[in-house]
Amino acid sequence: MLILNQKKNIVINFLNVSSVYVQDKNVQVLITFMEDSLILGKYNTEERAKEVLNEIIELYKNQINKYHFTYVNNVYEMPKE
C-alpha cells in the first residue's frame, strides 16, 4: 500500500514503515522509517487525527483480507481535514 502525504508531495511505501502514530501535542499523524519521522498530516483535533489513523488501518486490513498479502496497488491519500 502507498500513502500520499497531506501536501501531496511525498509517497510512502507502507511496507517500509516502522510505525504510524498520532502525536498528541501537535495533533499530527506521523510515520517513522527506522529512526526518522515524517509528518503525513496535521489536524485540528486529536480525535480527527485518530480517525485518519484508523482509516489507514482499515484499508490495510482490507487488503490483507481480500488478497491474502499486503502488496497491492492501493493508495491512501491523507485528507486535508
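Below are legends for a handful of close-up views of a predicted model.

Residues are numbered from 1 along each chain as its sequence is written, and side-chain values use heavy atoms, with hydrogens and water left out. Since this is a prediction, local features need pLDDT of at least 70 and side-chain atom pairs count only at pLDDT 80 or more, while totals for chains, interfaces and linings use all residues.

**View 1. Arginine 48 sits in helix 1 (residues 46–67).** Helices here are DSSP runs of H or I with at least four residues, strands are E runs of at least two, and both are numbered from the N terminus. Arginine 48 counts as buried because its relative accessibility is 15%; the cut-offs are under 20% relative accessible area for buried, over 50% for exposed and partly exposed in between, with a 1.4 Å probe and protein chains only. Skip the neighbours within four places in sequence, and arginine 48 touches Tyr43, Glu55, Pro79 and Glu81, where a contact means heavy atoms within 4.5 Å.

View 2. A salt bridge needs a side-chain nitrogen of Lys or Arg within 4 Å of a carboxyl oxygen of Asp or Glu. Between arginine 48 and glutamate 51, the closest N and O atoms are 3.2 Å apart; these two are three residues apart in helix 1, so about one helical turn separates them. For glutamate 55 and arginine 48, the closest N and O atoms are 3.7 Å apart. Glutamate 51 is partly exposed at 36% relative accessibility, and glutamate 55 is partly exposed at 34%.

**View 3. Glutamate 46 and lysine 50 meet through their side chains in a salt bridge.** The N to O distance is 2.9 Å. The two are four residues apart in helix 1, which means a separation of about one helical turn. Glutamate 46 is partly exposed at 29% relative accessibility, and so is lysine 50, with a relative accessible area of 40%. How many salt bridges does a search of the whole structure find? It finds three.

**View 4. Phenylalanine 14 and tyrosine 60 form a tilted aromatic pair.** The structure holds one aromatic pair, and this one has its ring centres 5.0 Å apart with 55° between the planes. Rings of Phe, Tyr and Trp (its six-membered ring) pair if their centres lie within 6.5 Å; planes under 30 degrees apart are stacked, over 60 edge-to-face, and the rest tilted. Phenylalanine 14 lies in the loop between strand 2 and strand 3 (19–23) and tyrosine 60 in helix 1, so the pair ties together parts that are 46 residues apart in sequence. Phenylalanine 14 is buried at 18% relative accessible area, whereas tyrosine 60 is partly exposed at 26%.

**View 5. Strand 4 (residues 28–33) is mostly covered, with five of its six residues buried.** Strands pair if DSSP finds at least two bridges between them. Strand 4 pairs with strand 3 in the antiparallel sense over five bridges, and six bridges join strand 4 to strand 5 (residues 36–42), also antiparallel. Follow valine 29: its bridge partners are valine 22 and, in strand 5, glycine 41. The hairpin of strand 3 and strand 4 has four residues between the strands, and valine 27 there takes a positive phi near 50°.
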